[in-house]
Amino acid sequence: MASKDIKYLNKDFNTFREALIEYAKAYYPTSYNDFSTSSPGTMFIEMASYVGDVLSFYLDNQLQETFLEYAKQTNNLYSLAYMLGYRPKVTSAALLDLTVYQQLPASGAAYQPDFSYAMTIEEGMQVRSNISNNNFFYCPNKVNFKLSSSVDPTNITVYTTVGGNPNTYLLEKKTQALSGQVKTTTLSFGASERYAIRTINDTDIIEILNVTDSDGNLWYEVPYLAQDYILKPVANTALAYPQLFQEANQVPYILERMAVPRRFVSRFKTNATLELEFGAGVSAASGSVPNPFNVGIGTVNGIDLLNTAYDPTNFVTNQSYGVPPSNTVLTVNYLVGGGASANVQVGELTNISSAVTTFTSVVNANTAAAIQQTLLTDNLERGVGGGDGDSDEQLRLNTLAMFPSQMRAVTQQDYLGIVLGMPSKFGQVAKAYVTKDTAIFAPYLVNQPGERDPLATSLYVLSYNANGQFTAPGPALLKNIQTYLGDYRMLTDTIVIKPGYIINIQVSFDIIVRPNYAAREVVSVCLATLKDFFSRDRWQINQPIVLSTIYTLLDQAAGVQTVQKVTINNIAGTSSGYSPYSYDISGATLNGVIYPSLDPSIFEVKYPDVDIQGRVVTT
């Protein structure tokens, strides 16, 4: 899409030269008429033409960089994306449910678990892979072993026994973990300045975790500076009342709306630069709210103002956009990581790098210290969702898909744009496809009132594994997609999120090589061409394979005289690492086009170095 060059002036050196010569001939016919290549006048004309050519180039280039479809510079693409409501992704974090364990002593004659030694792990625990020291995972939520509910259960099993009686119990909980390592930097501020901007220079930044100033005040990130509040999870105080304990057990945290005068916004300028912008300052009158009943009192300009139209929001808001930091140092903790290598395998996350643990009440300090040493972690599922940031082409497509949605989802394309634009810290959706699913809509057609749901929409998604190959999304990623869509979904819409189907294929071709060309080199060029054609970035769910396109690409390769045959076969079998789904390629081929299945699916060459093969034939 970015290959087009926009010509606004459509003038080059020769055009300017000819125009200047014609101008001189028309207006100075007697003063100057020597236009030979060696004359001084021609030299000055060509120098002016050169300047015009350069200025024309830069003008054309500047105009081209204002169009999202044709801009080539990445920093301009980032600016255009923010302008149209899409936040670029420089990396994507892998997600998984981390299993956390601790031992608990038995107490009393009944040998019951002694929950006075149940730990609380504060937000921010970090776990490192036991295979790669560069793979860190961050736990953003608090883990409270003392609480158990249907949403956040605590599993209890007997761990050791003495004389047939329980001696210790094992507590097990799950918490969400995302790939990334916590880093810290400081930002200095002097005298107060309006809309102060500071930058963090680091690569693969996932998100800002927290910002604290020299006085211990917290600063909060908001979507835009005019938003003066955040939704903050607060511990449910009903835990202190036994009669309400069951209700609080089901809802351990309550979302509250909290005003945040100290706030900022962040935006990526490049993959290696994150910019933080702060407010313009709070005026002296910003702490008071004008009385709307005084609107009609009048001013010196007239007896009353009852006939004047007012915006009612102006009585409760101001344009200060938050407090600017001044004469302080902000400490910024941020998360760095992600990428396809963060899609760890089962059993990797067993090394706890850092964790802050507390006890509600401690009976014996030595026992508490011993209990802390029993804290263990493990991942019983693989990490899913890690991937690279947006390429230039993905940035264009995702921005174009996000802009029409305007922060709400009405059409199927709206849902597609919102899911693809989900923040990277929640995991990466590699491919997505939205449709009215036959399995859901069919009962409505056959008149089954108990099952019909004409508003139901099915969202098929795929993610990446550690090798950057397509895989089904894990439960943590599916849950995050569901939660994220909740802010955009229409009240009457029903969204069913499902994994897409993967059809692994093998491609082989026979070619005749032109004389005087090395067969090995020609085959290598053809293999590279098909690898690029079948790269995962180029393929979408339900995209067919057009065989004529493959023939054309191979025909255009240097040294190819004739493409004799192109064959595509299905490969299936989990034992060899391929998708478990078999597919009848020949039955799905019609007029040189291989169509995907009715169920939303995507064609994938899983191992390009093995699954794309070519040979040279003579006839």
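Biologist: Hey, which residue does Asp-532 form a salt bridge with?
Modeller: Asp-532 pairs with Arg-538, and the closest N and O atoms are 3.2 Å apart. A salt bridge here is a side-chain nitrogen of Lys or Arg within 4 Å of a carboxyl oxygen of Asp or Glu.

Biologist: And what should I know about the model before we go on?
Modeller: It's a predicted model, so local features need pLDDT of at least 70 and side-chain atom pairs count only at pLDDT 80 or more, while totals for chains, interfaces and linings use all residues. Residues are numbered from 1 along each chain as its sequence is written, and side-chain values use heavy atoms, with hydrogens and water left out.

Biologist: Okay. Is Asp-532 buried, partly exposed or exposed?
Modeller: Asp-532 counts as partly exposed, at 42% relative accessibility. Buried means under 20% relative accessible area, exposed over 50%, and partly exposed in between (1.4 Å probe, protein chains only).

Biologist: How many salt bridges does the structure hold?
Modeller: There are 11 salt bridges in the structure.

Biologist: Give me another one. What does Glu-277 form a salt bridge with?
Modeller: Its partner is Arg-267, and their closest N and O atoms sit 2.7 Å apart. Glu-277 is in strand 17 (residues 273-278) and Arg-267 is in strand 16 (residues 263-270), so this pair ties together parts that are 10 residues apart in sequence. Strands (E, at least two residues) and helices (H or I, at least four) are DSSP runs, numbered from the N terminus.

Biologist: Is Glu-277 buried or exposed?
Modeller: Glu-277 is buried, because its relative accessible area is 14%. Arg-267 is at 21% relative accessibility, so Arg-267 counts as partly exposed.

Biologist: Which residues are linked in a network of salt bridges?
Modeller: Arg-267, Glu-275 and Glu-277 are linked that way.

Biologist: Back to the other end. What does Lys-531 form a salt bridge with?
Modeller: Lys-531 bridges to Asp-609, with 2.6 Å between the closest N and O atoms. That pair links distant parts of the chain, since Lys-531 is in helix 10 and Asp-609 is in helix 12 (residues 608-611), 78 residues apart.

Biologist: How accessible is Asp-609?
Modeller: Asp-609 is exposed, with a relative accessible area of 63%. Lys-531 is partly exposed, at 33% relative accessibility.

Biologist: Switching to helices. At what angle do helix 1 and helix 2 pack?
Modeller: Helix 1 packs against helix 2 (residues 40-64) at about 135°, and their axes are 8 Å apart. Axes are lines fitted to C-alpha atoms over the stretch in contact, with angles from 0 to 180 degrees between N-to-C directions.

Biologist: What do you call that arrangement of helix 1 and helix 2?
Modeller: Helix 1 and helix 2 are oblique to each other. Under 35 degrees counts as roughly parallel, over 145 as roughly antiparallel, 65 to 115 as roughly perpendicular, and the rest as oblique.

Biologist: How about helix 10 and helix 11, at what angle do their axes cross?
Modeller: The axes of helix 10 and helix 11 (residues 547-555) cross at roughly 140° and come within 10 Å. That makes helix 10 oblique to helix 11.

Biologist: Where is Val-54?
Modeller: Val-54 is in helix 2 and is partly exposed, at 28% relative accessibility. Val-54 and Phe-13 are 41 residues apart in sequence, and their C-alpha atoms are 8.5 Å apart in space.

Biologist: Now loops. Where is Asn-516 found?
Modeller: Asn-516 is in the loop between strand 27 (501-513) and helix 10 (519-533). Asn-516 is exposed, with a relative accessible area of 83%. From Asn-516 to Gly-559 is 43 residues in sequence and 8.5 Å in space, C-alpha to C-alpha.

Biologist: What's the phi of Asn-542?
Modeller: Phi of Asn-542 is near 70°, a positive value in a residue other than glycine. Asn-542 sits in the loop between helix 10 and strand 28 (545-546). Asn-542 is partly exposed, with a relative accessible area of 23%.

Biologist: And the phi of Asn-591, what's that near?
Modeller: Phi of Asn-591 is near 55°, a positive value in a residue that isn't glycine. Asn-591 lies in the loop between strand 30 (589-590) and strand 31 (593-594), and Asn-591 is exposed, with a relative accessible area of 74%.
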